[in-house]
Amino acid sequence: MISKAKILVVDDDAVIRQSLSKALQKQDYDVRTAADGSQGLETAWEWRPDLILLDVILPGMLGTEVCKLLKENLKTRYIPVLLITSLDRPADVAAGLEAGASDYITKPFSEVELKARVATHLRTSRIIGELVGIEKHISLGRLTAGLCHEVNNPLTVVLGQLEMMQTMVAEQRPQKCVRLAFESARRIQALVRAMRDYAEPLLRPREDCDLNAVMASAVSLASLGWAGRAIEVRMELGNAVPQVRGDQEKLKQVFINILTNASQIMTESGTITVRSGVLDGDGAWVFGSVSDTGKGISKANQDRIFDPFWTTKENWQSPGLGLSVARRIIEEHQGRIEVESEEGRGSTFRIILPAFTLSGGDVTATP
Ligand SMILES: Nc1ncnc2c1ncn2[C@@H]1O[C@H](COP(=O)(O)OP(=O)(O)OP(=O)(O)O)[C@@H](O)[C@H]1O
Ligand SMILES: [Mg+2]
């Protein structure tokens, strides 16, 4: 059975929502509606429609801002957005197209035109979907090949050591074999755990999270790993940082991964500075950053550090998944992760997330 194409209508005007839904349902599309931008974003991220009809003028967050957020998120990047706009507002159309919208329809809309435009964009979207599917298949193949390679090495050691133990039992001296087999088994465990984190989607319901509290808790946990070393931590957390929406534990894990990297790169001693705040110039975003005084990352390597299994560490506990897991979690939160680094001076990893108010979940427009 061919499933119906899914269309999301985002408009604060109940009459328009209803008339668009009716017209689209008549064409046998599966239609859902949202009355404002944040509701529209939530539905888009969870339901993954094939096409979105988006009013430009919405209460709270404007349609252009919604469109930008949709295009920044991997899950919704390829969904075509058709703006709903009035004939007398050409500037809105220009801003919307610049934000990534594919096309627009004008109010009051003609059913024939709506039908034609929706069908055209659904066709394009289907082709893009197929291409993205092929690309995903290729990266999944790469990931699986990397995993097989990484699991195979420690497994060979475990098997070899166990075989040797069999012949050594008579001598009663199996300690070295046990240690090696144990280390390799732990390496497999670390790999499998990291793979689980990488593959696991966000299963828990999203909640309002205090980024400062998440970061402070991540520092307490991660610092257990560098206890006894001369690493100074400076906390420069911003005041009144708006809350973010998401999975607190996963966000904590992101900061633990980044803090752990920072501590590992500073072999002798060093300073880790943890900052948070509202992003300059755009109050709809908050950031949390971790800076270190380690050896930095070369320009060439900055492109590779987020690849799964890419590592410069030779110990068995570092499969090279920390940053790819972090990036995946942040993208699940509709955010992004940036790195700034200078060789010999240190690095800063910055997590940028959409800001939400304490109460309802609407994006704030903090000045
Ligand atoms: N703060 C940093 N300074 C310098 N290099 C870094 C920093 N963070 C990450 N890197 C580089 O990026 C690589 C990948 O990091 P990532 O966290 O993904 O994997 P890993 O730390 O090697 O292993 P894992 O996190 O799985 O234990 C590291 O091996 C290191 O070379
Ligand atoms: Mg790491």
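Strand β4 (residues 81-86) runs parallel to β3, and four bridges join the two. Helices (H or I, at least four residues) and strands (E, at least two) are DSSP runs, numbered from the N terminus, and two strands pair if DSSP finds at least two bridges between them. The model is a predicted one, in which local features need pLDDT of at least 70, side-chain atom pairs count only at pLDDT 80 or more, and totals for chains, interfaces and linings use all residues. Residues are numbered from 1 along each chain as its sequence is written, while chains are lettered from A and ligands numbered from 1 in the order in which they are written.

**Strand β3 and its partners**

β3 covers residues 51-55. Strand β1 (residues 6-10) is also parallel to β3, with four bridges between them.

Together with α3, strands β3 and β4 form a right-handed β-α-β unit; right-handed means that, with the strands pointing away from the viewer, the path from the first strand over the helix to the second runs clockwise.

Five of the five residues of β3 are buried. A residue is buried if 20 or more other C-beta atoms lie within 10 Å of its own, exposed if 12 or fewer, and partly exposed in between, with C-beta atoms placed from the backbone. L51, L53 and D55 lie on one side of β3 and I52 and L54 on the other, and both faces are covered.

L51 belongs to β3 and counts as buried because it has 23 C-beta neighbours inside 10 Å. Beyond its neighbours within four places in sequence, L51 is in contact (C-beta atoms, placed from the backbone, within 7 Å) with A5, I7, I79, P80, L82, V118, H121, L122 and S125. Of these, V118 is 67 residues from L51 in sequence, with 7.8 Å between their C-alpha atoms.

**Domains**

The domain assignment, which is automatic or from a database, gives domain 1 (6-109) and domain 2 (205-367). Their centres, taken over C-alpha atoms, are 32 Å apart. Nine residues of domain 1 contact eight residues of domain 2. On the domain 1 side, α2 (37-47) and α3 (63-72) each supply at least two residues, and α3 has the largest share, three residues. That side has four nonpolar, three polar and two charged residues. Here Ala, Val, Leu, Ile, Met, Phe, Trp, Tyr, Cys and Pro count as nonpolar, Asp, Glu, Lys and Arg as charged, and the others, Gly among them, as polar.

**Ligand 1**

Which residues around ligand 1 are the closest? They are N261, T311, S318, G322 and L323, in a shell of 22 residues, each with its C-beta atom, placed from the backbone, within 6 Å of the ligand. Both α8 (248-265) and α10 (322-332) supply at least two residues of the shell, and α8 gives the most, four. By class the shell has nine nonpolar, eleven polar and two charged residues.

**The whole chain**

The protein chain has ten helices and twelve strands, and its C-alpha trace spans about 90 × 50 × 35 Å along the principal axes. Of its 367 residues, 34% are buried. Among contacts between residues at least 6 apart in sequence, 68% join residues at least 24 apart.

Methods:
Two residues are in contact if their C-beta atoms, placed from the backbone, lie within 7 Å.
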